[in-house]
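Thanks for making time this morning.

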Amino acid sequence: MSNRKLREGSMLNFDNKPGIFLAEKSGGAMRKSASFLKRAVLITLFSALGFMLSAPSLVQAEDLQEGTLAEQPSTNVQPVNTADPAELIASAVPENKAPAKANTQEGDGLEIGPEIIGQAVRAARKPSVNNVTAGNKTVSGTITIGSGQRRAKKLDVIIHVTVNRQAGGTEEKTVNIPYNAKTNWEVTLASELVAGDKVTVTQEFDGQISEGVVLEVKKALNEQHKDALKMPKGEIWIEQAGAANIVNAEEQAEALRLVKEANPDIAKDIKSVELKISGTSDPKTAKINVTYTDDTTSGEIEAPGLEIKQVTETSRGADISGITVVDNVIKGKLDGTGPFKDIKVQIYTKLSDAAIKTFNNDGGCKTDKNSSDPVEVSVDSTTGEFTYTIPSADGLPRDQVVGVSVKEKNKFVSCEAATVKLVIPQKTEVRDPKKLTDDEKDKIREAIRKANTLNGTSKLPDGTGFLKDSAFIEFDKDGNVTIISPNDVEVTWDSNYNPVYQKNDDGTYKLQSGKENKVIKFPAKDLVKNLKPDSPQIAVNTDDGKVTITPPPYDEGKDTDLLSYTVTYKDAAGNDKTATATRDLKTNKWSGPGVDENTGVITLSVEKIELAGTITATAKDNGGLEGDTDKLDSDPKTKELETATVSYDANKGTGDMKGKKLNKGSKYQILANNFDAPKNQEFDHWEIDDENVAAGKEIVVTKDTVVKAIWKKIPVKVTYDANGGKGTMEGKTLSKGDTYEVLASTFTAPDDTQEFDTWEIGGKKVAPGTEITVNKDTVVKAVWKKIQVKVTYDANGGSGTMTGKTVDKGSNYTVLPNAFTAPDDTQEFKTWEIDGKEVAPDTEITVTKDTTVKAIWKDIEYQVTFDGNGGTGKMNKETVKKGDSFKLPPNDFTPPTGKEFKGWEIDGKTYQVGEEIPVDGDVTVKALWKNKPVPPSTTPGKDKPGNQAKPQPKPQKQNPAAGGNLSKTGANGMYSLYASLLLLATGGLFLISRKRRNQR
């Protein structure tokens, strides 16, 4: 190997084995020494170069650590995240390293954060999430936390959305909803969802995270059924299939049925259809747009197999005549023969005046908004009958028009209407239809009113407004009825503002002009029924002991053909007796034994009739009119005399006295007392029905009569004492030994702090309603008690319990110290609140009602103070709520001479301006100062005269990379050092090379 190659080899391989090539070269110790020196110089040179290359980074790190980066600009300095300088100096100052922050990405107004791992999770309400389908790129919904709850706590809601892609991978997004924002939320994904993706949504609020709402992404129904959807075939009948091609709701419903019928496997997914018809001549084209349950649509699809038919026939009619004002059921029957299937019948309980003109087959059976809504009723498929129960208890108004519509499949609707009428009652039985009595007229009137009354309300045309009279019911001479409304009669008013209805000369009411057609007429033949004569009337007057038998009415205008009547009975001895009264039809005079000539009345005495005897009377007429000549007998009228017994009551006395049984109305004389009186009492008088009766008095016995002995007793009084209360109560005077029921108190309490407790009699408590025996004058004294009220404590969001107290109303109570636990560790007890006013613990209050003492909480606050640490000036304290963080402000202190601001120190740790610090107690923030940097000199190693600062000792910084200490110097000083080393190394190399050349 040549010397040149050997030298090159020694230079190229000195790093591993620097002596190999030199050992191979002969030449003595000098050559070895020169070679060694050369290698040392090369090592020094490379070290100097390395220091020079690394100098900017070292300077930058130290300057950042000392806060002097702005004073040392360099083109080699990398971009600095000024928002968090702590991260830049983390390697140089590990003890002050800021906590690692979650990776965040901002876009579309969303915050995307890391998963919460290992954190205790409490249950929260699930959010509301809208359905998603394949192709969607957004996930949306609403939060389920009330806005009042969020605003009260001033807490945000966080929605976490996780998408597990079927193709692999997971996308996570988070949306933050501020406490004062709306409840809707939406997340935009990076790409569209596809079938098979899984979306999970959770809701986080107040430290709680809900269970996930999991949605399996599927294709939209219109995509799923795109190839499966079939168009229906067959016929569909359209009423307006002319030029307009209008499809009504009923026809749309039929189209929906046909589509579901054609697609049974997917019918459950079909929500509605829209049928459209195009074309003006046959055949017309049908197009159908299907809307699925997820609101997606198929789009218009032609249905060539669906034949459009024009409706031409009209549905059958229906009969609903005979509706009256008191009907609660409308009955009707379809025209024609059965079977009656697939027929829709609807009832309209009221047609307006305008609708009456259009509610017919020619008018298209149209109604308006003033008509009632139709009600569909079921039809008997065999008979065609239908009924509708009116929901109103008031029935239907007179003259109201009721409608019924009939719709058969594939036919136009038909309709009928009927007017509600008054009810003609069942016929009233009368003795002579041509000469009605006033009583019979009254019965007919009553029958008409009763038949036209529903639930106590008349349906006749009664008066309205100032005219409150019922409808007038008049009879003409032939018995025909006219019903008139008081409002249709001419009227004047008397001095008391009462109406005076005007009448015609014949006594009928005088109608107002134009009201003649408003009256209602019922013919007599529909109202009356001819009968046999009424029976005579038998009356027993028990007051005077007379029995009177009166013939049926026979005066003019009544039963004019009454001929006679007969009376039969037994006398007191049991003998049969008969009496007949005969009437002269011309003179109206009566004849017969014991008969009143003018009235035809027969009078008998009850004392002359057998005990409990029966009297029978029968009337006979002179034959009916209009060919009915048979003399008809009335039903026998019978009357059995009632009896009564007179008996004697000893009323706690002793002994026996006999009474007597008599016909009611008989006279009887009261006997003298023959009873023995109770102990310590004496006879006072007899008593009959609570009335005093003396012995020997004659009475008329009209009922079972008890003659009771009344004995005298010692009178005693019951009185009431208010005992300090107010008001009066009336007692009672009784007989000694009587019982008495104590009354309920009506006294007013002495004051508003007391209330009635009970009564006290003779030192013993007695409740109202208690029955007592009164043996002497008795005072019932009121006993009062204090009203009890409660004091309770309300934690007002805190926890724990406090026991209140029940006290007398108006008494004093000392409010207890707080024993509740605050709602959370950021609050503490402030004071109590009673009825909206603050009350401190241990306050004495007057309790006049049930009182709630509510805890009032306040936020726990800490003070952040600033220490100038030798600097001058002042920085104000800051107040921070417990649990909140505090952002360190810029320094406002004036630095000591020769110093500049370095940072803040809290509890021995260094922080920078803008850093957030947690505040869990009062905090003192102390300013840290550092020496101002020494300006560089123009001569290496020397400072300019007059500019040299006083030397300041500087601590050695640990260099983790080098494992030792590196003195801090200015950047220019470092460069001077490196340049000196480089010059030294270069000079050494030069000397070595000269020496070796000299040796050669």
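Let me start with Lys 830, which forms a salt bridge with Glu 838, where the closest N and O atoms lie 3.5 Å apart. Please keep in mind throughout that this is a predicted model. Of these two partners, Lys 830 is partly exposed, with a relative accessible area of 45%, while Glu 838 counts as exposed at 53% relative accessibility. Elsewhere, salt bridges that share partners join Glu 239, Glu 250, Lys 344 and Lys 407 into one network, and I will come back to Lys 407 in a moment.

In general, side chains of opposite charge can pair when their charged atoms come close. In one of them, the side chains of Glu 261 and Arg 257 meet at 3.2 Å, N to O; these residues are 4 apart in helix 7, which covers residues 249-262, and so they are separated by about one helical turn. Glu 261 is exposed, with a relative accessible area of 55%, whereas Arg 257 is partly exposed at 36%.

The other joins Asp 442 to Arg 445, with the closest N and O atoms 3.0 Å apart, and both residues lie in helix 9, residues 438-451, where 3 residues, or about one turn of the helix, separate them. Here Asp 442 counts as partly exposed at 44% relative accessibility, and Arg 445 also counts as partly exposed, at 24%.

Now to the strand. How many of the residues of strand 21 are buried? The answer is 8 of the 8, across residues 401-408, so this strand is largely enclosed by the rest of the structure. In a regular strand the side chains alternate between the two faces of the sheet. In strand 21, Val 401, Gly 403, Ser 405 and Lys 407 point one way, Val 402, Val 404, Val 406 and Glu 408 point the other way, and all are buried.

Strand 21 also has pairing partners. Strand 18, residues 343-348, runs antiparallel to strand 21 and is joined to it by 6 bridges, with Tyr 348 standing opposite Gly 403. Strand 22, residues 414-419, is likewise antiparallel to strand 21 and joined to it by 6 bridges, and there Val 402 stands opposite Ala 418. Finally, the hairpin of strand 21 and strand 22 has 5 residues between the strands, and in this hairpin Asn 410 takes a positive phi near 65°.

Conventions. Residues numbered from 1 in each chain as written. Predicted model: local features only at pLDDT ≥ 70, side-chain atom pairs only at ≥ 80, totals over all residues. Heavy atoms only, no water. Buried < 20%, exposed > 50% of the residue type's maximum accessible area, 1.4 Å probe, protein only. Helix = DSSP H or I, 4+ residues; strand = E, 2+ residues; numbered from the N terminus. Pairing = 2+ DSSP bridges. Salt bridge = Lys/Arg side-chain N within 4 Å of Asp/Glu carboxyl O.
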